[in-house]
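Subject: Structure handover and notes

Hello,

Here is the structure we talked about, with the sequence alongside.

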Amino acid sequence: MEMEAGERPYLSIVSPVYMAEELVAPLVKRVSAAAEGIGRPFEIVLVEDGSPDGSWEAIRSACAKHPHVVGAKLSRNFGQHHAISAGLAIARGEWVVVMDCDLQDRPEEIKALLDKAHTGYDAVLARRAVRQDGPLKRLSSSVFYSILGWLTGVPQDPAIANFGVYHRKLVDAIVAMPESIRYFPTMVRWVGFRRTTVDVEHATRPSGRTSYGLRKLIHLALDICLAYSDKPLRLVVLTGMLVSFVGFGFAVYTILMALRGEIAVLGYASLIVSIWILSGLVILILGVVGLYVGKTFEGVKQRPAFIIDTILRDAH
């Protein structure tokens with residue numbers, strides 16, 4: 001349903017765009033068809049995240065052809081979840097859908113998510129019952145979410161990502177969060193409100209490949225853990241207590257053996273091993289503390305989570 005001039009959309013569909021030049025046109029076509037079937041005013045917000053290909057030109061073309069498409073270009077590559085935050089800040093709808101641009105999140109599922117939300121939920125998350133990814137991607141994702149769940153103390157479901165529908169009050173709460181490290185699913189869990197899931201069909205990627213390799217997933221997991229959990233610090237304390245306990249026991253044992261005259265000269269091997277172990281633990285502990293100090297340093301700068309270079313609205 002087309003919007004009248006100045007009319008606020010009922011539904012906003014937000015999608016971060018990176019290395020998706022060939023996917024923008026089919027994404028807009030399928031999302032438009034799905035949203036029109038709902039029969040309420042809608043807008044599609046495409047956030048170009050400093051992509052090195054022609055994604056921005058494809059978005060500009062879509063904005064020129066479709067009055068309900070809003071294009072936003074970030075000043076550089078900030079990352080997927082920062083781009084989502086930018087889209088949430090731009091979106092005006094009472095309900096906001098967040099979905100990836102690769103069309104593995106099927107736009108045809110939007111109506112089912114919205115219908116479920118209308119039964120009394122503020123967020124309905126799409127659960128990919130059968131993931132259409134390669135074995136390596138599924139394995140790395142499973143390992144990522146397992147480690148993330150253990151570190152944060154919050155169970156993580158690898159079948160749930162960004163795709164879902166969210167009420168305006170939840171979106172406003174996330175936009176107001178000042179964190180420099182942003183991970184959308186964790187932020188959704190933190191703000192609370194009534195949430196549920198709906199099983200959806202997961203599609204194969206039409207073209208291109210994911211930009212999330214193992215190295216990037218590890219870096220993302222580390223950032224999330226440092227931002228949302230103090231568990232590494234508590235593990236460091238427990239490790240220090242364990243080493244101290246073992247060291248104290250070994251010291252008592254050594255003194256008793258010396259008093260009994262069973263030790264004439266302390267062993268070189270035990271001394272070297274102790275030095276290496278303790279030195280390694282000290283460096284490890286300093287490294288963990290240093291990571292937290294570094295993230296704190298980034299936070300106190302209070303820099304914006306993203307910078308918008310250009311917004312195209314009603315570009316036709």
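The notes below go through what was found, region by region.

Please keep in mind that this is a predicted model.

Helix α6

Helix α6 covers residues 168-176, and R168, L170, V171 and I174 are its buried residues. These four span an arc of only 160 degrees around the helix axis, so they sit on the same side of α6.

D172, at 40% relative accessibility, counts as partly exposed.

Helix α7 and what comes after it

The six are F184, P185, T186, M187, V188 and V191. Just after the helix comes G192, with a positive phi of about 85 degrees. F193 has a positive phi too, about 70 degrees, although F193 is not a glycine. F193 belongs to the loop between α7 and β7 (195-200). Its relative accessible area is 36%, so F193 is partly exposed.

M19 is another non-glycine residue with a positive phi, in this case about 50 degrees. The loop that holds M19 runs between β1 (11-17) and α1 (24-36). M19 counts as partly exposed because its relative accessibility is 43%.

N162

Strand β6 contains N162. With a relative accessibility of 5%, N162 counts as buried. Which residues does N162 touch, once neighbours within four places in sequence are left aside? The contacts are Q80, H81, I84, V98, D100, F184 and P185. Two of these, F184 and P185, are among the buried residues of α7 listed above.

Salt bridges

Side chains of opposite charge can pair when their charged atoms come close. How many salt bridges does a search of the whole structure find? The search finds 9.

D115 and K111 form a salt bridge in which the closest N and O atoms are 3.0 Å apart. Both lie in helix α4 (residues 110-117), and because they are 4 residues apart there, about one helical turn separates them. D115 is partly exposed, with a relative accessible area of 37%. K111 is partly exposed as well, with a relative accessible area of 41%.

E109 and R106 are joined by a salt bridge with an N to O distance of 3.1 Å. Both E109 and R106 are buried.

Elsewhere, salt bridges that share partners link R30, R106, E108 and E109 into one network.

Cysteines

A disulfide is a covalent bond between the sulfur atoms of two cysteines. How many disulfides turn up in a search of the whole structure? The search returns 0. As for individual cysteines, C63 is buried, with a relative accessible area of 0%. C101 is buried too, and its relative accessible area is 8%.

V237, L238 and M241 make a nonpolar surface patch of about 310 Å². V237 is located in helix α9, which covers residues 231-259.

That is the end of the notes.

Regards

How values were computed:
Residues are numbered from 1 along each chain as its sequence is written. This is a predicted model: local features need pLDDT of at least 70, side-chain atom pairs count only at pLDDT 80 or more; totals for chains, interfaces and linings use all residues. Side-chain values use heavy atoms; hydrogens and water are left out. Patches are made of residues with over 30% relative accessible area and no salt bridge: like charges are joined within 9 Å, nonpolar side chains (Val, Leu, Ile, Met, Phe, Trp, Tyr) within 5 Å. Accessible areas come from the Shrake-Rupley method with a 1.4 Å probe; for residues, only the protein chains shown count as cover. A salt bridge is a side-chain nitrogen of Lys or Arg within 4 Å of a carboxyl oxygen of Asp or Glu. Helices (H or I, at least four residues) and strands (E, at least two) are DSSP runs, numbered from the N terminus. A disulfide is a pair of cysteine sulfur atoms within 2.5 Å. Buried means under 20% relative accessible area, exposed over 50%, partly exposed in between (1.4 Å probe, protein chains only). The arc is that of the directions from the helix axis to the C-beta atoms. Contact means heavy atoms within 4.5 Å.
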